[in-house]
Amino acid sequence: MTPGPGSVPPVPHRRLLLALSLLALGACGSTIPPATRPIRTVGWSPAQARRSDRLLVLLPGRLSPPEEFRSEGLEAELARTLGPVDQVAVDAHVGYYLSGAFVETLAEDVLVPARKAGFRDVWIVGASLGGSGALATLKKRPDLVDGLVLLAPYLGSEEVVERVKRFGREILSAPPPSDPKERFFEELWAWLLTPDGARAPIAVGYGRSDRFVASHRFLSTLLPPDRVVEVDGGHDWSAWRRAIAELLRRGIGPLRR
């Protein structure tokens, strides 16, 4: 649940708050919207009958509204290729991450109702910051997620990637990073580096000119090769459309025909 006035978020949430605060400050001076409940969604809702057994939960990047999945053509491409499939784009803006209750909000407002509605195959498609949110959700609530498709997920700074390469699974026992806010991402990496045969599948797509490509390529070494797509382009929808198209062609995870 969202912390009340004056309450202190749990330690992992405080780390996430610190990790996202710098991203928020970079939002061109725009006001961070409040984390209202229920979270706003576009597409399937618990009040609607489902059309299929599959639900794709779409999480946007830091400055993207959920409508961009539709305006940029990803929703249409998924529907055209997959046939009957339900989709819901979530207005998971940075305010929810900064509230310290992103995972709980997504679970209570979207994922739990989806299970109650009878969806048997629930995957999260997360772009950029949405990829971080997707990983955090799978880490904390694996019972609600059947897999992830990550489009250029943000996984920390270059220092984080170098430290993870150096220390591996022992990263959390290593001297702390120079920037304390990065500890949240190191915790995600430690989880990703720990073998877990029961973990839901993860697929990733990204542009080879993406400014975060080093972290994407390192993540790719932890995944089966057929779940990794590297395409031309940078950190943008054009590259992500190409990546989704290739994943659709391969029939990965929920993107199988």
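**Exercise 1. The surroundings of tyrosine 206**

Determine which residues tyrosine 206 is in contact with in this predicted model, leaving aside its neighbours within four places in sequence.

*Solution.* Begin by placing the residue: tyrosine 206 is found in strand β6. Once the neighbours within four places in sequence are left aside, tyrosine 206 is in contact with Ala152, Val213, His216, Arg217, Ser220, Val228, Val229, Glu230, Val231 and Ala243. Take valine 229 from this list and compare sequence with space: tyrosine 206 and valine 229 are 23 residues apart in sequence, while their C-alpha atoms are 6.5 Å apart. Finally, consider accessibility: because buried means under 20% relative accessible area, tyrosine 206, at 3% relative accessibility, counts as buried.

**Exercise 2. The aromatic pairs of tyrosine 154**

Describe the geometry of the aromatic pairs that tyrosine 154 forms with phenylalanine 185 and with phenylalanine 212, and state which parts of the chain these pairs link.

*Solution.* The structure holds 8 aromatic pairs. In the pair of tyrosine 154 and phenylalanine 185, the ring centres are 5.2 Å apart and the planes stand at 85° to one another; since planes over 60 degrees apart count as edge-to-face, this pair is edge-to-face. Tyrosine 154 lies in the loop between β5 (147-151) and α7 (158-167), whereas phenylalanine 185 lies in helix α8, so the pair ties together parts that are 31 residues apart in sequence.

The next step is the pair with phenylalanine 212, which is edge-to-face with 4.9 Å centre to centre and 70° between the planes. Here the loop between β5 and α7, which holds tyrosine 154, is linked to the loop between β6 (202-207) and α9 (213-220), which holds phenylalanine 212, and the two residues are 58 residues apart.

For accessibility, tyrosine 154 has a relative accessible area of 13% and is therefore buried, and phenylalanine 185 is buried as well. Ring pairs link Tyr154, Phe184, Phe185 and Phe212 into a cluster.

**Exercise 3. The packing of α6 and α8**

Characterise the crossing of helix α6 (residues 129-140) and helix α8 (residues 183-193), and identify the residues that make the contact.

*Solution.* Two packed helices are described by the angle between their axes and the distance between the axes. The axes of α6 and α8 come within 11 Å and cross at roughly 55°, which makes α6 oblique to α8. The crossing of these two helices is left-handed. On the side of α6 the contact is made by Ser132, Leu135, Ala136, Leu138 and Lys139, and on the side of α8 by Phe184, Phe185, Glu187, Leu188, Trp191 and Leu192. Sorted by class, the contact of α6 with α8 has 8 nonpolar, 1 polar and 2 charged residues.

Conventions
Residues are numbered from 1 along each chain as its sequence is written. This is a predicted model: local features need pLDDT of at least 70, side-chain atom pairs count only at pLDDT 80 or more; totals for chains, interfaces and linings use all residues. Side-chain values use heavy atoms; hydrogens and water are left out. Axes are lines fitted to C-alpha atoms, for helices over the stretch in contact, and angles run from 0 to 180 degrees between N-to-C directions. Helices (H or I, at least four residues) and strands (E, at least two) are DSSP runs, numbered from the N terminus. Angles under 35 degrees count as roughly parallel, over 145 as roughly antiparallel, 65 to 115 as roughly perpendicular and the rest as oblique. A crossing is left-handed if the near helix is turned anticlockwise from the far one by less than a right angle, and right-handed if clockwise. Contact means heavy atoms within 4.5 Å. Ala, Val, Leu, Ile, Met, Phe, Trp, Tyr, Cys and Pro count as nonpolar, Asp, Glu, Lys and Arg as charged, and the others, Gly among them, as polar. Rings of Phe, Tyr and Trp (its six-membered ring) pair if their centres lie within 6.5 Å; planes under 30 degrees apart count as stacked, over 60 as edge-to-face and the rest as tilted. Buried means under 20% relative accessible area, exposed over 50%, partly exposed in between (1.4 Å probe, protein chains only).
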